[in-house]
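Keep the sequence and the 3D view open while you read.

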Amino acid sequence: MIQAIGLTKDYGARRAIENLTFEARQGEVVGFLGPNGAGKTTTMRILTGYMPPTYGTAKVAGFDILEESIEVRRRVGYLPETVPLYPDMTVFEYLKFMADLRHAPNAEDMVDDALALVGMEDRADGYISNLSKGMRQRIGLAQALLHKPEVLILDEPTIGLDPAQVVEVRSIIREIGKERTILLSTHILSEAQQLCDRVLIINKGRIVAEDTPENLQARLVGAERVILRVRGEADDLAPVIAKIKGVRDVDIQPDGTLAFQFAPNVDVRPEVARAAVKAGYDLLELRPVGLSLEEIFLQLTQETAKEK
Ligand SMILES: Nc1ncnc2c1ncn2[C@@H]1O[C@H](COP(=O)(O)OP(=O)(O)O)[C@@H](O)[C@H]1O
Ligand SMILES: [Mg+2]
């Protein structure tokens, strides 16, 4: 369980995150989705107790990150953006070293269990310097899982991996996410959709949307893009359509069709059809096209940018 309340972080005069309030419950995989510089890493560092917030606080696994940071660290596994690996160590030596740092009485068992979880038992004696990027990422995951933490915080767990490795790491995350709380960050929309039960979209340090991947898309159904095809050129029709209340983002597509969106909850299509006919056009087609997650994301982040 993670509960963040009004987390704010200033780096000098620069505000990196502002008033972030959110929750991740047990058994839930929550995705932090946002572009570079959105504040994902900053938030994760705060939640893992590596850095205090400027304002606000959070509870992780039931403990306050400021007052009880030792308890928090005992219960959190953290995969940082760059995992500090020591190339001269074998996989086993490295993980044993990390387990010893946690004063584990049964360090070797912990290492074996973690290696099994990430499917790397057969690599225990290999040197870290010889491992591929994907293998290193798995060691990073193993390191985060050593003490069987109830909360896992994974910062861009699949960044820099090739497609086959991405598939492997995602399936490991899904597996370990079943009974734990996972907060993971990504800037890849399809990844958030595949891995997460809930997605928090973060941009410029603020949460701009929070929902299930399915609902996020459904919420924007009203903002679906509609293609309007008329006989002949639609150029002169564009300003007519743009004037209709609720219509936005009218543009002429390369194929000559006119595309527009409309605000949620007002279906403007009948009015658009009437307007086209009234303007003397033969209406051939009026067809909704689903927004891609990329477009949804752009739209949500642009909306916040406009508010500022
Ligand atoms: N140590 C730091 N000192 C100053 N500014 C920082 C520091 N770390 C991050 N920032 C700034 O804070 C913002 C959020 O960064 P970060 O949390 O790394 O975002 P993300 O992980 O989403 O890419 C960015 O504008 C970044 O430049
Ligand atoms: Mg980051």
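In which sense do β6 and strand β7 pair, and over how many bridges? β6 and β7 (residues 151–155) pair in the parallel sense, over 4 bridges. This is a predicted model: local features need pLDDT of at least 70, side-chain atom pairs count only at pLDDT 80 or more, and totals for chains, interfaces and linings use all residues. Residues are numbered from 1 along each chain as its sequence is written, while chains are lettered from A and ligands numbered from 1 in the order in which they are written.

**The sheet**
- The open sheet has 6 strands in the order β6-β7-β8-β3-β9-β10, with mixed pairing.
- Its edge strands are β6 (76–79) and β10 (206–211), and each pairs on one side only.
- Neighbouring strands are turned by 15 degrees against each other on average, direction ignored.
- Strands (E, at least two residues) and helices (H or I, at least four) are DSSP runs, numbered from the N terminus.
- Two strands pair if DSSP finds at least two bridges between them.
- Strands of a sheet pair through backbone hydrogen bonds, either parallel or antiparallel.

**Strand partners**
- V76 has V151 in β7 as its bridge partner.
- β3 runs parallel to β9, and 4 bridges join them.
- L33 has I201 in β9 as its bridge partner.
- β9 also pairs with β10, in the antiparallel sense over 5 bridges.
- There, the partner of I201 in β10 is A209.
- β9 and β10 form a hairpin with 2 residues between them. K204 in the turn has a positive phi of about 50 degrees.
- β9 is mostly covered, with 5 of its 6 residues buried. Buried means 20 or more other C-beta atoms within 10 Å of the residue's own, with C-beta atoms placed from the backbone.

**Helices on the sheet**
- Helix α1 (residues 40–47) lies across β3 (29–33), β7, β8 (181–186) and β9 (198–203). It runs at about 150 degrees to β7.
- Helix α5 (residues 133–145) packs on the sheet and touches β6 and β7. Its direction makes about 165 degrees with that of β6.
- Contact means C-beta atoms, placed from the backbone, within 7 Å.
- Axes are lines fitted to C-alpha atoms, for helices over the stretch in contact; angles run from 0 to 180 degrees between N-to-C directions.

**Ligand 1**
- The residues around ligand 1 include Y11, R14, G37, K40 and T41. Each has its C-beta atom, placed from the backbone, within 6 Å of the ligand.
- β2 (14–24) and α1 are the elements that give two or more residues to this shell.
- α1 gives the largest share, 3 residues.

Technical notes:
Two residues are in contact if their C-beta atoms, placed from the backbone, lie within 7 Å. A residue is buried if 20 or more other C-beta atoms lie within 10 Å of its own, exposed if 12 or fewer, and partly exposed in between; C-beta atoms are placed from the backbone.
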